[in-house]
Amino acid sequence: MIMKNVTVVNHPVLKHNLAVIRNKTTTREQFLSAFKKISYFLLETAFLKLPTKTVLIETPLETMKTKVIDEKYTYIIAPILRAGLALTETAIELLPQAHVLHVGMYRDEKTKKPVWYYDKTPDELPQKTKVFILDPMLATGGSALASVELFQKKGVNIKDIVFISVLSAPEGIKTLKTAYPDLKIVTGDVDKCLNNNAYIVPGLGDAGDRYFNSLIP
Ligand code: PRP
Ligand code: URA
């Protein structure tokens, strides 16, 4: 699937690690380690177009012109709770000047619609703001859509929002792109479809449960 503003990161190391986290027999250590590597590749791609400015610095040998990230912009990393937390540490490592604004919602088991439970985002955001929304799974697209709408209503230009997922279903991409053609999506893979329970197939199962090992047998 080739779509405007949708980037599927095709790096072999990312693909290798996707196979690790998809596999149901992967150990906890392997899962966490592979997830971390995947997050680097996704965020590296998502941050490629960060605005820069030219500055003069002095190395021990001479003065040189070089580029740094433009601090005129406000950068926001917005993990969708809970599974979005799995990508957050890497995002902060790569872009420590960003503000982390959590958006809390879960998908209702019956309706599959997102239910908000946490939002402390300010009422208004500065005009020059770039938002990076993190969520490993783009399934129906309901959660993603609600979080994009949140930032758009607070004045952020759609062109300044990037949605980052590890896996996406075609249905979720379609939902987001229909509502917001200019939204940028960076994803590790686009899977076949959703099953009757709106889970991504083949997918990796429940991302939050697997990342946090939250199911007690
Ligand atoms: C998962 C996932 C997304 C959402 C995707 O979260 O992390 O947020 O479902 O589904 P959608 O595209 O159909 O909205 P979940 O609601 O299970 O919450 P969790 O992160 O707390 O496990
Ligand atoms: N949430 C998940 O964690 N996995 C899916 O496949 C769909 C929604």
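## The shell around ligand 2

The shell around ligand 2 holds 6 nonpolar, 1 polar and 2 charged residues. Here Ala, Val, Leu, Ile, Met, Phe, Trp, Tyr, Cys and Pro count as nonpolar; Asp, Glu, Lys and Arg count as charged; the others, Gly among them, count as polar. The surrounding residues are R107, M137, A139, A198, Y199, I200, G205, D206 and A207. Each has a heavy atom within 4 Å of the ligand.

This is a predicted model: local features need pLDDT of at least 70, side-chain atom pairs count only at pLDDT 80 or more, and totals for chains, interfaces and linings use all residues. Residues are numbered from 1 along each chain as its sequence is written, chains are lettered from A and ligands numbered from 1 in the order in which they are written, and side-chain values use heavy atoms, without hydrogens and water.

## Contacts of ligand 2

An oxygen atom of ligand 2 lies 2.8 Å from a backbone N or O atom of I200. A polar backbone atom of G205 is 2.9 Å from a nitrogen atom of the ligand. For A207, a polar backbone atom is 2.9 Å from an oxygen atom of ligand 2. On its own, ligand 2 has 230 Å² of accessible area, and the protein covers 88% of that. Areas come from the Shrake-Rupley method with a 1.4 Å probe.

## Ligand 1

Ligand 1 is surrounded by 14 residues, and the closest are R82, R107, D135, T140 and S143. The shell divides into 6 nonpolar, 4 polar and 4 charged residues.

An oxygen atom of ligand 1 is 2.7 Å from a polar backbone atom of R107. A polar backbone atom of A139 lies 2.9 Å from an oxygen atom of the ligand. The side chain of S143 has an N or O atom 2.6 Å from an oxygen atom of ligand 1. The protein covers 90% of the 500 Å² of accessible area that ligand 1 has on its own. Elements giving two or more residues to this shell are β6 (103-107), β9 (137-138) and α4 (142-153). Helices (H or I, at least four residues) and strands (E, at least two) are DSSP runs, numbered from the N terminus.

## P136

P136 lies in the loop between β8 (129-134) and β9.

Key. A polar contact is a pair of N or O atoms within 3.5 Å; within protein, one must be able to donate a hydrogen and the other to accept it, and residues adjacent in sequence count only if both atoms are side-chain atoms.
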